[in-house]
Amino acid sequence: MGCEFKQNQLAYLSLTSKNEGSLGGALAYRLHKKFAENSKVTIRREWPSNGRRIDIAMLRDGKATVLIEAKAAMAFDPLVEGTRVYPSKEVTADASKLTEVEDVDQRYALAFFTVYDGPPDKGHRTAIKFIDGIERHIRRHRYAKYSFIRKGLPRFREALRCRALSAERVHVGEIPAGKAFGVNVSVW
């Protein structure tokens, strides 16, 4: 999916706002290109179901066969100590939307974590949405990327299990996002 963005564009988008819309749009477009020649398959974004919207739905002859819900987070989110545990109630509610639709062949919940290799340039603090969390993360864990991989991902999976969100891990990987504000960024 990283190929859908110009050089360094995904890094900028990921540091300045939540990237689920950008990445979800890239995924929907890739699926659209894959199935464009099949007149029975339509890739629909923001598909309405039960008064709510699912991020991406694959429709076959108008009936949903695949549902995808995407959520964005920062590398520090699953490492925050205290009462706020990621995934939050809102993330859990979004993931539960997938189970409310009957007769669907496949359901996927995607978590996109923005990971950075150091602190962004101080002169650009106001452009970076979660700068305070990023700076705290880097102060506590010198190697932010490795603390996310070693501690953050396992904590995220455990929190999912504790919230009774049974999920089979399908794929974990890194999307190189490029560089923005003097910092290398990737999305896991």
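Guide: The side chains of Arg 125 and Glu 135 meet in a salt bridge, with N and O 2.6 Å apart; a salt bridge is a side-chain nitrogen of Lys or Arg within 4 Å of a carboxyl oxygen of Asp or Glu. This is a predicted model, in which local features need pLDDT of at least 70 and side-chain atom pairs count only at pLDDT 80 or more, while totals for chains, interfaces and linings use all residues. Residues are numbered from 1 along each chain as its sequence is written, and side-chain values use heavy atoms, with hydrogens and water left out.

Visitor: Which parts does the pair of Arg 125 and Glu 135 tie together?

Guide: Helices (H or I, at least four residues) and strands (E, at least two) are DSSP runs, numbered from the N terminus. Arg 125 lies in the loop between β4 (106-116) and α4 (131-140), whereas Glu 135 lies in helix α4, so the pair ties together parts that are 10 residues apart in sequence. The parts asked for are therefore the loop between β4 and α4, and helix α4.

Visitor: Is Glu 135 buried or exposed?

Guide: Buried means under 20% relative accessible area, exposed over 50%, and partly exposed in between (1.4 Å probe, protein chains only). Arg 125, with a relative accessible area of 30%, is partly exposed. Because Glu 135 has 12% relative accessibility, Glu 135 counts as buried.

Visitor: Which residues are linked with Arg 125 and Glu 135 in a network of salt bridges?

Guide: A search of the whole structure finds nine salt bridges. In the network that holds Arg 125 and Glu 135, the linked residues also include Lys 122 and Asp 132.

Visitor: Where do Glu 69 and Lys 97 lie?

Guide: Glu 69 and Lys 97 form a salt bridge, their closest N and O atoms being 3.3 Å apart. This pair links distant parts of the chain, 28 residues apart. Glu 69 lies in strand β3 (residues 63-74) and Lys 97 in helix α3 (residues 89-97).
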